[in-house]
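Visitor: I would like to learn how to read a strand pairing and a helix face in a model such as this one. Could you take me through them with care?

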Amino acid sequence: MTRVFISRDMASVALGADTVAEAFAKAGCEVVRTGSRGLFAIEPLVEVETDAGRIAYGPIGPGDVKAVLDGTHANRIGPIGEHPFFSGQQRFTFARCGVIDPLSMRGYAANGGWKGLDAAHALSPQEVVDAVKASGLRGRGGAGFPTGIKWQTVLDTPAHEKFIVCNADEGDSGTFADRMLMEGDPFHLIEGMAIAGHAVGARHGFIYIRSEYPFAVETMHEAIARAASRIEPFTLEVRVGAGAYVCGEETSLLDSIEGKRGEVRAKPPLPAIEGLWGKPTVINNVLSLSAVPFILAEGPQAYADVGFGRSRGTMPIQIAGNVKNGGLYEVGFGLTLGELVNQIGGGTASGRPVRAVQVGGPLGAYFPPSMFHLPFDYEAFAEAGGLIGHAGITVFDDTVDMAKMARFAMEFCAVESCGKCTPCRIGSTRGTELIDRIVAKAPRKADTVETLPQMRNAGTAARTHDEEIELLRDLCDTMKHGSLCALGGFTPYPVLSALDHFPEDFGSAHVHAAAAE
Amino acid sequence: MTFTREKDFGTPAKHGETVSLTIDGQPVSVPAGTSIMRAAAMVDTAIPKLCATDSLESFGSCRLCLVEIEGRKGYPASCTTPVAPEMVVRTETDKLRKLRRGVMELYISDHPLDCLTCSANGDCELQDQAGAVGLRDVRFGYEGANHLEGCKDESNPYFTFDPAKCIVCSRCVRACDDVQGTLALTVDGRGFASKIAASQGEDFLSSECVSCGACVQACPTSALIENTVIDKGTPDKSVVTTCAYCGVGCTFRAEMRGEDLVRMVPWKEGKANHGHSCVKGRFAWGYAQHRDRILNPMVRTSVDEPWREVSWEEAITHVASEFRRIQSSYGTRAIGGITSSRCTNEETFLVQKLIRQGFGNNNVDTCARVCHSPTGYGLKTTFGTSAGTQDFDSVEQADVILVIGANPTDGHPVFASRMKRRLREGARLIVVDPRRIDLVRSPHIEAAYHLPLQPGTNVALLTAMAHVIVTEGLVDEAYVRERCDGEAYAEWAAFVSEPARSPEAIEELTGVPAADLRAAARLYATGGNGAIYYGLGVTEHSQGSSTVMAIANLAMATGNVGKPGTGVNPLRGQNNVQGSCDMGSFPHELPGYRHVSDNATRALFEADWGVTLDAQPGLRINNMLDAATDGTFKGIFIQGEDILQSDPNTKHVAAGLAAMECVVVQDLFLNETANYAHVFLPGSTFLEKDGTFTNAERRIQMVRKVMEPKNGYADWEVVQLVANAMGLRWTYTHPSQIMDEIARLTPTFAGVSFDVLEERGSVQWPMNAAAPEGTPTMHLDQFVRGKGLFVVTDYVPTDERTGPRFPLLLTTGRILSQYNVGAQTRRTENGAWHAEDRLEIHPHDAENRGIRDGDWVALRSRAGETTLRALITDRVAPGVVYTTFHHPDTQANVITTDFSDWATNCPEYKVTAVQVMPSNGPSDWQTRYREQSDRSRRIATVEPAE
């Protein structure tokens, strides 16, 4: 019986993987459902087990069974590792994704699974924390805070009870690495969390998954049940979000797990000291926790050897938007933005010139091709007025209206704001109104109240376009420096970068000094 | 005194090692954990703020309080950032000014602009901060999306919620959650749509809101504001005084405009309430100005006549001559008096002095007779003094809280909020009560054990707890050996260990599953600091004193007396019931709980007062009434107590009063007792006099006059007029002189004076040379009596039993919005919550009788019958019914019997065998009573010729 491997990843299924799998099963094949390899241009992807290894074909439809099985199909790729999209990758985190049945404990163990946990159990908690520190791993959720230092704080905080919380509320548009990993290699995340539990002395963990990820929720539930005896005494449970973007912010997420309305907490106290139910809590992104098994299994140096500057190890970069090769690309830090967009991403899907890329999700800055020399590195992006975030890259061609994108950022903030802090709660709504006036080239005239004789200090002249732009910049300044969390604090990134790099879209020749280069 | 707001440090005080830092170049040293905002406020640097207030933990939402810290990125919020050693903070820079103005510009872009006509004008933090940041222009204009269309919620009689004025700072929500613990408020929606909502978007009155006022107090704008401020404007001065409702003893700032009280705001420095309040003290003070208040003295020769208004002089002369006449006809002991637990210590002291010095006998009693007299007896016997062992703050260190026969969320709401806060922090709770009181299960609180015993079985249950503790080896033997009388302990331990005292043996009797009782006993004995709080459900039984002693036994056996977090704590009812007892209001005790038969004590008073005192104890209230019926007791002076409504077996009380020749009632209103009075002397309210109250934690606090007595005299002045008319030569010109006399004659008060109280705010007795700072926790190193005394408490069932005619047990209690006989609260808007007494009955018992919710039912005992409406609830167990006694129309005490505590005669209010049947309307008694009451309250309209 021929064995074939077909992804059960949500994106693959959306592209028809289920019907393809059914067709192969009907043809008498043994179909192994795996995670996705991560390149969606070749999905549904079918890999056929042969004496020469797994031979990939894609994209494949349900009518292609015979041609695939006899090796004649025109979309024959050959061994997947030889495909240019994969040959340059360094898969530390996604090594098994697309390779094994995600829920096969045997498959996981046979492919290097649990090596990290076993290694950790042979070490003292402090030694595990030291290893994570030595690896240079930084939080993959976006903030880039050194994971080992966070763990050290939790380890050092005495408490009867501590928690490991995995942030799998992957809300950024254009990002999907967390989902792919949970669907494609759930034991890997479980292993990472169990290592964290051992490292800091926590016995229980929560995985907080957004409700929009039903496959991931189901897969994690099943995987936790199957792995329970393997990770003892550590225990895990899944909590499902209720559709609020802000619950991806770590303190809102903790509130949400506690059963409260998801609202950002002021820090300090840090969650590492007073987190879930006031107990010391490690809260890490899926990718941070999933980087840990490699570090323990292969040693911190193997991880630290890869990377750029202070950004060590690999990053699963998610390329999306108007791009030819959309998908997940795990590689060490340091490739330039241009290489990622043009060479790996293959340029736009529409074939038109790239005009802008947004890096780091909806709160990331927009970059024009003139900045494609930037290396993928936390510090380099911060210096250029942007952020890496969760490493999502969204590509736009030259038909994009950047003023609309700026408005979208404010609107997004208004829709998703928890409403706790003033700059975000009111500022995002005022920002949307303001950009609307700017785009409509209709600066605000004095309103009824301002022209009342009772009002003595209000401006009574109509505002100029430049004044409105200045107000927008002031508002962004208030939001950036005044907001309680990154939602309000980072919304100015897309707005200001659009304004700086694409002033013409705002009906203005005004060019901000920072964008003059 | 001029009006100033209490200083707001922004965040609560912290206690830690001292940290030194620099704020705007000024060196500051504060405890670790203090916020930068508070540290700045301590050196008078007011960092702009809106969401922060020092009654609440920091929240960090308004973003006005941003500061710059050397070596740190960005602009941290000073409210949420704790100080650190060597920190260098700048609170005013160009950048900070710009950011703050940017935030304020956003606020004002969604806020009404009618500051000058706003009810919070001049008392609005938003207005202040807009000024502080120098906002001059709102560049967004005023026509963007906004919340200005929101409708006002005027459902609550005391305050108004105007959502248009709301800045969504969440202070109200946090106050409701953290301070009050009701969790009635929330922020509904998110982002720009966020708005404050009560319960599930209901109006405030229909919501779970208990109208404590914490949200109103917390609100920085006029979004939540007192209706009295809307009506009268902001106050121009304030005076700190003490609430005249319950025994918690909350202190308030009476905020005045001229002689007009604008609002009562709980005082943050108050040691009993720490800035919190309940609906009664905060809002229900309108009775002081109620049209029903009687302001002129009145006299009549017969209770069938209408009242005749007379001058003070005539009234006083009449009282003195009547009392002297009666004494000359019937003997010295034919008259007596009742002191008021609602009046000040000084007034109470004077009334008992009038009786002892002027009447020449010891016929003095007080309402503690009907509430906590068993506490006095029980705690004096076991510990050596008649008072709770702790201060209220002690609850913050309790690990296991045992509540017996008390319903703090209704009866002592402000203390209940503190208890609930401790419970939310993780302390465990045991509730012993026939009813499922709110504490058993409320938001974020659940009792570990609720032992729903049958009314009247307290002693059996507590002795069974002792059985578990002794037989399972859970006694704190070192403590017992060192602190307690060994012989008494051995006898007691042997007694409780008998199999007949086991939880299993009494399970059928109490109805409490033995396993639960055992578990609860173990928890109390082993769960850390164990604190017992009890109320009238303990004392108002035929075995009330035994129950108090059983409680004391438990506490001693487990080492839970003499340190913070533990203790035996009676939750006392009236504002000054502790004080009235301290002041010698009992017929057998001179001030300071010293027996009248003690020659040395008597000699002390005799030397000071220049008379010979009667060495024989006088009559208790019920004895006075009995003696009246027998014809030997003929005259009584009743100050501030409505015995006809509050005492048991109304018919018996009425018969006693009717048999007297001169009944003098002093009160604010023509109360029920006044129906039988011959002289009515108008009383003054707590707002109209100086003095002191002593709360349930023995804390003596100042009551300060904020307005002239509407009736002309403070109550202490009236007593002095009577005394002097009877030939005594009193010359008090201020209550402070009375306190000096109390201190002179009472060792436990030796260090107390008005000057000391002014200086310290409050003190807890004993305060004397041995305890110069007062005494927060009693019995620290040893018990007042020396060795703690275990007392064998044999369970003796009450004679009040159910049977075929009266198959249900009635127990009575109070409700949050009304206070005792309701004389005050019924004359406020509190009727919005509890306009009538209702009978709680289990669905099973209701169904058997064909009773539906809201039906009129007849409630009948062997003593009498009344009617009221039914409330069907499983809060009471089958076989038990419950009602309150706030409304004279119901006259619940027509039902209660004259059984009483074996030691103190405290009435057995809590157990009456009754029958409940459907009914069409008022009972014959109620109809007759109403007619008689109306008749006896007539006041002659024509000024009689003199």
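Guide: Two strands pair if DSSP finds at least two bridges between them, and strands (E, at least two residues) and helices (H or I, at least four) are DSSP runs, numbered from the N terminus. The model is predicted, so that local features need pLDDT of at least 70 and side-chain atom pairs count only at pLDDT 80 or more, while totals for chains, interfaces and linings use all residues. Residues are numbered from 1 along each chain as its sequence is written, and chains are lettered from A and ligands numbered from 1 in the order in which they are written.

Visitor: In S3(A), what is the bridge partner of Ile6(A)?

Guide: Ile6(A) has Val46(A) as its bridge partner, and the strands concerned, S1 (residues 3–7) and S3 (residues 46–50) of chain A, pair in the antiparallel sense over three bridges. They belong to an open sheet of five strands with mixed pairing, in the order S2-S1-S3-S4-S5 (chain A), whose edge strands, S2 (30–34) and S5 (76–78) of chain A, each pair on one side only.

Visitor: Which are the buried residues of helix H7 of chain A?

Guide: A residue is buried if 20 or more other C-beta atoms, placed from the backbone, lie within 10 Å of its own. In H7 (residues 125–135) of chain A these are Val128(A), Val129(A), Ala131(A), Val132(A) and Ser135(A). Seen down the axis of H7(A), they fall within an arc of 155° (taken over the directions from the helix axis to the C-beta atoms), so they line one face of the helix.

Visitor: What follows H7(A)?

Guide: Gly136(A) comes next, with a positive phi near 80°.

Definitions and conventions
Buried ≥ 20, exposed ≤ 12 C-beta atoms within 10 Å, placed from the backbone.
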